[in-house]
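Biologist: I am new to this structure and would like to go through it step by step. Could we look at it together?

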Amino acid sequence: MTYKLYWYAGSAAMAPHAILHDIGGEFELIEAEGAYLKSEAYRALNPNGTVPVLVYGDGKVLYESAAICQFLAEQHPETGLSPAVDDPHRGQYLQWMAHLTNTVQEAMTIWWHPDHYTEVTEVQQKLVRESEERLDRLWQVLDRHLQHHGPHLCGDRFFACDYYLAMLIRWTREMEKPGEQYPHLNHLVRLTMARPGYQKMLKDQKITQTVLPDAVART
Ligand SMILES: N[C@@H](CCC(=O)N[C@@H](CS)C(=O)NCC(=O)O)C(=O)O
């Protein structure tokens with residue numbers, strides 16, 4: 001299968017891009033940013049004008065980062081990134097993928113783009129504050145989960161959902177409480193950073209990522 005990934009640096013294309021490296025074959029990267037995302041040509045691929053987009057096979061198109069991650073991981077069971085249908089981890093894996101994209105990513109979108117919701121500056125500021133509070137609650141739950149059931153979301157195995165979580169955590173670096181300040185989330189980022197596929201993705205995207213020191217020692 002041939003793959004083409006539309007991306008820009010540090011975006012929701014990070015996790016699918018790392019998975020493509022784990023798959024190991026050749027793939028094409030097409031940097032797509034700014035006005036091009038709003039062009040007719042790009043909107044024919046993704047009418048929402050966002051990255052990532054995956055083109056595969058005979059020109060089939062997929063958008064939504066979480067769907068692309070799950071699709072790629074399932075197409076390539078040899079990567080070990082997706083638990084098989086009869087794997088005991090399967091249910092939890094699906095839960096985490098849905099939770100991360102549906103709930104955590106959604107809370108983050110409000111922080112990054114309060115302007116999508118209102119033009120009123122004071123309301124935007126309130127939305128940002130509330131989004132940080134909501135994320136704090138979500139991170140606490142995830143951190144506790146990793147403390148008791150980690151080090152990865154599904155325990156001892158690393159799956160596509162862990163790439164997804166590491167990507168979302170990266171997006172919080174400018175927030176008051178970055179995800180990496182939570183000790184078990186911090187550890188998960190370190191485990192992800194140690195993976196060659198993630199490192200290759202960072203290199204392609206020209207991202208120099210260092211992990212923040214964790215504020216609290218892991219227990
Ligand atoms: N739910 C979508 C969100 C995609 C999305 O918002 N991508 C951002 C980058 S992280 C984007 O392309 N923004 C460009 C724009 O809105 O102009 C996904 O997970 O793929």
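Modeller: What follows is a set of questions and answers on a predicted model.

Biologist: Into which domains is the chain divided?

Modeller: The model is predicted, and its parts are given here by residue range. The chain is split into domain 1 (3-79) and domain 2 (90-204).

Biologist: How many residues does each domain give to the contact, and how many Å separate their centres?

Modeller: Domain 1 and domain 2 touch, with 18 residues from domain 1 and 18 residues from domain 2 in the contact. Taken over C-alpha atoms, the centres of the two domains are separated by 20 Å.

Biologist: Are helix 4 and helix 5 roughly parallel or roughly antiparallel?

Modeller: Helix 4 covers residues 65-75, and its axis lies 10 Å from that of helix 5. The two pack at an angle of about 155 degrees. Angles over 145 degrees count as roughly antiparallel. Therefore helix 4 and helix 5 are roughly antiparallel.

Biologist: Which residues of helix 5 make the contact with helix 4?

Modeller: On the side of helix 4, the contact is made by Ala-66, Cys-69, Gln-70, Ala-73 and Glu-74. By class, the contact has six nonpolar, two polar and two charged residues. Helix 5 contributes Arg-90, Tyr-93, Leu-94, Met-97 and Thr-101.

Biologist: Which residues are closest to the centre of the largest pocket?

Modeller: The largest pocket holds about 930 Å³ of space. Its lining has 31 residues, and the closest to the centre are Ala-12, Val-51, Gln-105, His-113 and Trp-171.

Biologist: Which helix supplies the largest share of the lining of the largest pocket?

Modeller: At least three residues of that lining come from each of domain 1 and domain 2. Helix 2 (35-38) and helix 5 (90-112) each supply at least two. With six residues, the largest share comes from helix 5.

Biologist: How many residues of the lining of the largest pocket are nonpolar, polar and charged?

Modeller: The lining of the largest pocket is made up of 31 residues. They divide into ten nonpolar, 14 polar and seven charged.

Biologist: Which residues line the largest cavity?

Modeller: There is one cavity of 30 Å³ or more in the structure. The space in the largest cavity is about 40 Å³. Its lining divides into four nonpolar, no polar and three charged residues. The residues that line the largest cavity are Glu-132, Leu-135, Asp-136, Trp-139, Met-175, Lys-177 and Tyr-182.

Methods. Residues numbered from 1 in each chain as written. Predicted model: local features only at pLDDT ≥ 70, side-chain atom pairs only at ≥ 80, totals over all residues. Heavy atoms only, no water. 1 Å grid on protein atoms, 1.4 Å probe; cavity = no way out; pocket = protein on both sides within 12 Å on 5 of 7 lines; lining within 4 Å. Points joined across faces, edges and corners; volume = space filled by probe spheres on them. Helix = DSSP H or I, 4+ residues; strand = E, 2+ residues; numbered from the N terminus. Nonpolar A, V, L, I, M, F, W, Y, C, P; charged D, E, K, R; others polar. Domains from an automatic or database assignment. Axes fitted to C-alpha atoms, helices over the stretch in contact; angles between N-to-C directions. Parallel < 35°, antiparallel > 145°, perpendicular 65-115°, else oblique. Contact = heavy atoms within 4.5 Å.
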